[in-house]
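Here are my notes on the strands and charged pairs of this entry. Please read them with the structure open.

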Amino acid sequence: MTVRATEHLKPGILPAEAIGALKASSAIACRKALDDDQIQPASLDLRLGRTAWRVRASFLPGAGVSVKERLGDLALHDFDLTKGAVLETGCVYLVELFERLKLPADLAAAANPKSSTGRLDVFVRVITDGARAFDTIPAGYNGPLYLEISPRTFPILVRTGSRLSQVRFRRGVSRLSDLELLNLQTAECLVDATSPDVAAGGIALGVDLAGDALGGLMGFRAKKHTGVIDVDQAGVLDVADFWEPIHVRPDRPASLVLDPDAFYILASREAVHVPPDYAAEMVPFDPLVGEFRVHYAGFFDPGFGNPAAGGRGARAVLEVRSREVPFILEHGQTVGRLVYERMAARPHTLYGADMRSHYQGQGLKLSKHFKPVAL
């Protein structure tokens, strides 16, 4: 579809149609033609290129320094991804992406792991030349993109073209203030909370440890020493080979002791939805409230959990990891905040409006790589 010229100029998160226009104008350049489903309602999936480097440690190049310059000091070896390669847990890898950017002076971008990546506990961050922060692409950036990859729990099989991260494009100030967020909550019921907690531009989400809406299932704890997960294969793995289900104990309070360095998949207590003219992002919660964190931030596209796109509210899936000590998580405890931002324009296709949206209407759902679990 054609894009109105004003959609390029309004402040906010760019919709799919404007992202397509960026590609047409060469602000997004690719060594390979875009895949048909690569542009999402409010983001662009990023694809792994042909070469990966095993590096000694995570790094940022710093102002005025390119990633390739730092690789000369930090790379242990390189290897080909065209036929696939296994990335081992506890190691750090760097891959140049197929996509590179030549952004206008008033357009910035931010990257984030894809939902399926976070649910596998694969730590990924985008790095640019001259970067002093991860996943942050300044306005006017002109250069390549690289992805740092560090599997934490499961070894993964990746290949050229695999998608582990995504990027959003932002013009101007798009985040809602606390007052704007409260007004939108009143009008749209962003989360089904009786007394919503809004602070610092975000609305709080609690954790569901009662399992009332999840058939008595509280969550999943990742197993150690598992097989390899092919990130490009959906619906093929048996859950029992990789996950231990955690069920509610009727004789005990609704709580969970988080083991240090264990990885959990839990669900939010509240159902969430994102109106068509907005996008949302889960941000890690303040560590001062407890020795845990929601491990990965995540994007929520316009239409997530929204009736206009076939949803009736959807739980936010939480990737939770304790810190150095065991920590007791209580039912309803705040574990994250959703930040809402305005779209520059409503995308023509909302999240969940076609069969490629894996997580519309979700409850407690593992990544798309696993066979469905009957709750």
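1. Terms first. Strands here are DSSP E runs of at least two residues and helices are H or I runs of at least four, numbered from the N terminus. The model is predicted: local features need pLDDT of at least 70, side-chain atom pairs count only at pLDDT 80 or more, and totals for chains, interfaces and linings use all residues. Residues are numbered from 1 along each chain as its sequence is written, and side-chain values use heavy atoms, with hydrogens and water left out.

2. Ser-165 sits in strand β13, residues 163-171. Its relative accessibility is 1%, so Ser-165 counts as buried (buried is under 20% relative accessible area, exposed over 50%, partly exposed in between; 1.4 Å probe, protein chains only). The Ser-165 side chain comes to 3.0 Å from the backbone oxygen of Asn-112. Beyond neighbours within four places in sequence, Ser-165 has contacts (heavy atoms within 4.5 Å) that include Leu-44, Pro-113, Val-126 and Leu-147.

3. Strand β11 covers residues 142-151, and nine of its 10 residues are buried. Strands pair when DSSP finds at least two bridges between them. β11 pairs antiparallel with β7 (residues 92-102) over seven bridges. In that pairing, Tyr-93 has Ile-149 of β11 as its bridge partner. β11 also pairs antiparallel with β9 (residues 122-128), over seven bridges. There, Thr-128 stands opposite Leu-145 of β11.

4. Which charged pair links β9 to β11? A salt bridge joins Arg-125 and Glu-148, with the closest N and O atoms 3.2 Å apart (the criterion is a side-chain nitrogen of Lys or Arg within 4 Å of a carboxyl oxygen of Asp or Glu). Arg-125 is in β9 and Glu-148 in β11, so the pair ties together parts 23 residues apart in sequence. Both residues, Arg-125 and Glu-148, are buried.

5. The structure holds 23 salt bridges. One of them joins Asp-37 and Arg-163 at 2.6 Å, N to O. Asp-37 lies in the loop between β2 (28-30) and β3 (39-40), Arg-163 in β13, 126 residues apart. Asp-37 is partly exposed, at 26% relative accessibility. Both residues belong to a salt-bridge network that also includes Asp-35, Asp-45, Arg-47, Glu-99 and Lys-114.

6. Arg-337 and Asp-197 form another salt bridge, with closest N and O atoms 3.1 Å apart. Arg-337 is in strand β26 (residues 334-342); Asp-197 is in the loop between α4 (178-188) and β14 (198-199), 140 residues away.

Terms used
A polar contact is a pair of N or O atoms within 3.5 Å; within protein, one must be able to donate a hydrogen and the other to accept it, and residues adjacent in sequence count only if both atoms are side-chain atoms.
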